Amino acid sequence: MRIFVIPITRTRWALHCHPANIAPTRLTKWAGVASDKWSKWSAYPRTTWRGKIYSYGETLMDKIDFKEYFLKEIPSKDEGALVSKADIIAPSFVAKTEVLKELDLLVKTQVPYHSKWMKISCYLLPVTSLFTLVPVIPNFPFFYNLFRVYSHYKAQHGAKHLAHLLESQAFEIVQDSELSRWYGGRSTVGSLQNSASSESLGSTAAVRSNTGYSTMEPRTPNEIDQESLENGTPLLEDPALVTDSDIAEMARYFDAPTFDHAVRRARHQIIAQTAKPLR
């Protein structure tokens with residue numbers, strides 16, 4: 001099992017788990033069948049009621065916290081019976097202590113959070129079951145709420161399994177120097193969590209060429225903001241360090257098909273959360 005730590009800004013990370021050798025349970029098999037049926041609705045034109053519902057449903061799911069998706073990707077102890085060790089992959093400039101601190105904080109906060117909301121979603125199931133308006137149209141509030149029950153359940157158990165791996169020292173932190181290349185040679189800066197005082201981390205851009213990576217002259221925050229305004233991109237309190245194209249390249253490098261969509265979702269959420277108000 002591989003866990004990826006991908007810095008999106010100097011202070012915010014995307015997380016993605018690529019499991020291996022898992023044993024699907026009856027519940028996850030059922031969820032897989034439901035997911036496949038839902039995916040088939042993507043083929044319907046957006047002008048049809050099925051197409052509109054699918055589009056709206058995808059919008060709702062993209063708003064779910066990316067950390068919840070990460071924890072759902074971690075197999076539960078039943079699913080991960082064959083998982084004896086996790087490789088935690090991070091850029092070489094991210095300190096191992098910061099990685100452990102981030103993951104430890106995540107499990108301590110998310111286990112009670114998902115436990116609470118799973119119970120609330122269960123309590124709402126009888127209420128949403130009454131929302132059947134027309135017999136031929138499925139009760140989507142009920143099915144969405146059922147999805148949220150499953151999602152919180154999976155995230156809670158994924159967090160517990162991650163906590164078990166951390167407590168039992170069943171992991172290895174792999175500081176990948178190749179991954180650091182996507183950050184434009186910033187591997188010498190040190191831990192991103194302590195890099196706010198560095199002069200160039202937030203303002204040095206990487207330029208890719210056929211021969212490798214080089215750096216541009218540092219730009220001031222005002223210059224970055226002005227360029228963002230001219231290009232119609234959000235102004236960020238904490239500028240993004242990687243692009244969607246970078247993430248796609250990382251997915252190919254790690255040969256992890258689900259990496260691209262998961263990390264891009266996290267990047268978009270982080271950018272939305274750190275966007276500055278328009279001036």
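Ala-155 lies in helix H5, where helices (H or I, at least four residues) and strands (E, at least two) are DSSP runs numbered from the N terminus. Is Ala-155 buried or exposed? At 0% relative accessibility, Ala-155 counts as buried; buried means under 20% relative accessible area, exposed over 50% and partly exposed in between (1.4 Å probe, protein chains only). This is a predicted model, in which local features need pLDDT of at least 70 and side-chain atom pairs count only at pLDDT 80 or more, while totals for chains, interfaces and linings use all residues. Residues are numbered from 1 along each chain as its sequence is written, and side-chain values use heavy atoms, with hydrogens and water left out.

Leaving aside residues up to four places away in sequence, Ala-155 touches Glu-68, Leu-71, Lys-72 and His-114, a contact being heavy atoms within 4.5 Å. Ala-155 and Tyr-113 are 42 residues apart in sequence, yet their C-alpha atoms are 9.7 Å apart in space.

Glu-68, Leu-71 and Lys-72 bring us to helix H3, where they are among the buried residues. H3 covers residues 66–73 and is mostly covered, with six of its eight residues buried. Phe-66, Tyr-69 and Phe-70 are also on that buried list. What do the buried residues of H3 pack against? They meet strand E1 (2–7), strand E2 (13–18), helix H2 (49–62), H4, helix H5 (140–167) and helix H8 (259–274).

Now for how the helices sit against each other. Two packed helices are described by the angle between their axes and the distance between the axes. Axes are lines fitted to C-alpha atoms, for helices over the stretch in contact, and angles run from 0 to 180 degrees between N-to-C directions. The axes of H3 and H5 come within 7 Å and cross at roughly 70 degrees. H3 and H5 are therefore roughly perpendicular to each other; angles under 35 degrees count as roughly parallel, over 145 as roughly antiparallel, 65 to 115 as roughly perpendicular and the rest as oblique. From H3, the contact is made by Glu-68, Phe-70, Leu-71 and Lys-72. The H5 side includes Phe-147, Arg-148, Ser-151, His-152 and Ala-155.

H4 and H5 tell another story. They pack at an angle of about 155 degrees, with their axes 8 Å apart, and are therefore roughly antiparallel to each other. The crossing of H4 and H5 is left-handed, as is that of H3 and H5; left-handed means that the near helix is turned anticlockwise from the far one by less than a right angle, and right-handed that it is turned clockwise.

On to the aromatics. A search of the whole structure finds 14 aromatic pairs. Rings of Phe, Tyr and Trp (its six-membered ring) pair if their centres lie within 6.5 Å, and planes under 30 degrees apart count as stacked, over 60 as edge-to-face and the rest as tilted. The rings of Trp-41 and Trp-49 have centres 5.7 Å apart and planes at 90 degrees, so this pair is edge-to-face. Trp-41 is buried at 16% relative accessible area, whereas Trp-49 is partly exposed at 36%. The Tyr-113 and Trp-117 rings have centres 6.5 Å apart and planes at 50 degrees, so their pair is tilted. Being four residues apart in helix H4 (residues 96–128), Tyr-113 and Trp-117 are separated by about one helical turn. Tyr-113 is partly exposed at 39%, and Trp-117 is partly exposed at 33%.

Back at Trp-41, one aromatic cluster is formed by Trp-38, Trp-41, Tyr-44, Trp-49, Tyr-54 and Phe-140. Arg-50 lies over the face of Trp-41, at 5.7 Å from the ring centre.

Two loop residues deserve a look as well. Most residues other than glycine have a negative phi, and most peptide bonds are trans. Gln-169, in the loop between H5 and strand E4 (171–176), has a positive phi near 60 degrees and is exposed at 59% relative accessibility. Asp-255, in the loop between helix H7 (244–254) and H8, has a positive phi near 55 degrees and is exposed at 60%.

Finally, the whole chain: it has eight helices and six strands, and buried residues make up 41% of its 279 residues.

Conventions:
A charge sits over a ring if NZ of Lys or CZ of Arg is within 6 Å of the ring centre and within 35 degrees of the ring normal.
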